[in-house]
Amino acid sequence: MKLNKSLVWIAGIVVLFSSCSVKYSFTGTNINYELVKTFSVDNFFNDSGGGPANMEQRFTEALKEYYQRNTQLELIRSNGDLQFSGAISRYTLTPQNAVSSGDPNLPDRAGQMRLTINVDVEYINVTNEEENLKRTFTFFQDYDPRSVTLLDVENQLVEEIFEVIIQDIFTATVANW
């Protein structure tokens, strides 16, 4: 009798767990690849009035590469199932910490400078219009102008900022967060 109860109990657990299903994605996306097969990225423009000459091209290419690396979607020139467009809308340098020069005849200086970049993104999901979004993504990096010039670190800072912004765009558009 005890054996029969144990078998019924085990069978009940097996049935219970076999009826549950969990969907795992190693990239963390919620893309239905049966419906969504392609993506397109229009060239982003630099409307900020600042930054390196090729900044908009670097951003556009980095965005394409990130989605190619982290999804199974095919990149096409235009009219993808997922569509990205936008512009770099802000590129600013602002002082963060004042440092005394120690000399009353000399002005105080900035101890840290902050480079901030904003990217306006329009995302269209042709298969599910409820997921469409228009949003500004922003990030910054600081550097010490007493030890390096902006020209020394600008490319590295821009790259680091773009990495974070692109991850944020990915999370907002196709990730399960």
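## An aromatic cluster and its surroundings

Phe 39, Tyr 66, Tyr 67, Phe 84, Tyr 123 and Phe 170 come together in one aromatic cluster, where rings of Phe, Tyr and Trp (its six-membered ring) are taken to pair if their centres lie within 6.5 Å, and where planes under 30 degrees apart count as stacked, over 60 as edge-to-face and the rest as tilted. The model is a predicted one, in which local features need pLDDT of at least 70 and side-chain atom pairs count only at pLDDT 80 or more, while totals for chains, interfaces and linings use all residues. Residues are numbered from 1 along each chain as its sequence is written, and side-chain values use heavy atoms, with hydrogens and water left out.

The protein has three helices and six strands, and from the N terminus on these elements follow the order α-β-β-α-β-β-β-β-α; helices (H or I, at least four residues) and strands (E, at least two) are DSSP runs, numbered from the N terminus. Of its 177 residues, 32% count as buried, a term that stands for under 20% relative accessible area, with exposed meaning over 50% and partly exposed the range in between (1.4 Å probe, protein chains only).

A search of the whole structure finds eight aromatic pairs. The rings of Phe 44 and Phe 59 have planes at 65 degrees and centres 4.9 Å apart, so this pair is edge-to-face. Phe 44 belongs to the loop between β1 (38–41) and β2 (45–46), whereas Phe 59 belongs to helix α2 (residues 55–70), so the pair ties together parts that are 15 residues apart in sequence. Both Phe 44 and Phe 59 are buried. Tyr 67 counts as buried at 0% relative accessibility, and Phe 84 counts as buried at 1%.

Helix α2 also takes part in the largest pocket, which holds about 190 Å³ of space and to whose lining α2 and α3 (150–174) are the elements that give two or more residues. The residues that line this pocket are Arg 58, Ala 62, Glu 65, Tyr 66, Arg 69, Glu 159, Phe 162, Glu 163, Ile 166 and Gln 167. Sorted by class, the lining has four nonpolar, one polar and five charged residues, where Ala, Val, Leu, Ile, Met, Phe, Trp, Tyr, Cys and Pro count as nonpolar, Asp, Glu, Lys and Arg as charged, and the others, Gly among them, as polar. On a 1 Å grid over the protein atoms alone, a pocket is an open set of points where a 1.4 Å probe fits, with protein on both sides within 12 Å along at least five of seven lines, and lining residues have an atom within 4 Å of a point; grid points are joined across faces, edges and corners, and a volume is the space filled by probe spheres set on the points.

The count of salt bridges comes to three, each being a side-chain nitrogen of Lys or Arg within 4 Å of a carboxyl oxygen of Asp or Glu. In one of them the side chains of Lys 64 and Glu 61 meet at 3.4 Å, N to O, and both residues lie in helix α2, three residues apart, about one turn of the helix. Lys 64 is buried, with a relative accessible area of 15%, while Glu 61 counts as partly exposed at 33% relative accessibility.

Another salt bridge joins the side chains of Arg 114 and Asp 142 at 2.8 Å, N to O. The pair links distant parts of the chain, 28 residues apart, with Arg 114 in strand β5 (residues 109–125) and Asp 142 in strand β6 (residues 133–143). Arg 114 also lies over the face of Phe 140, at 3.7 Å from the ring centre, a charge being placed over a ring if NZ of Lys or CZ of Arg is within 6 Å of the ring centre and within 35 degrees of the ring normal. Phe 140 and Glu 160 are 20 residues apart in sequence and 8.8 Å apart in space, C-alpha to C-alpha, and Glu 160 has its place in helix α3.
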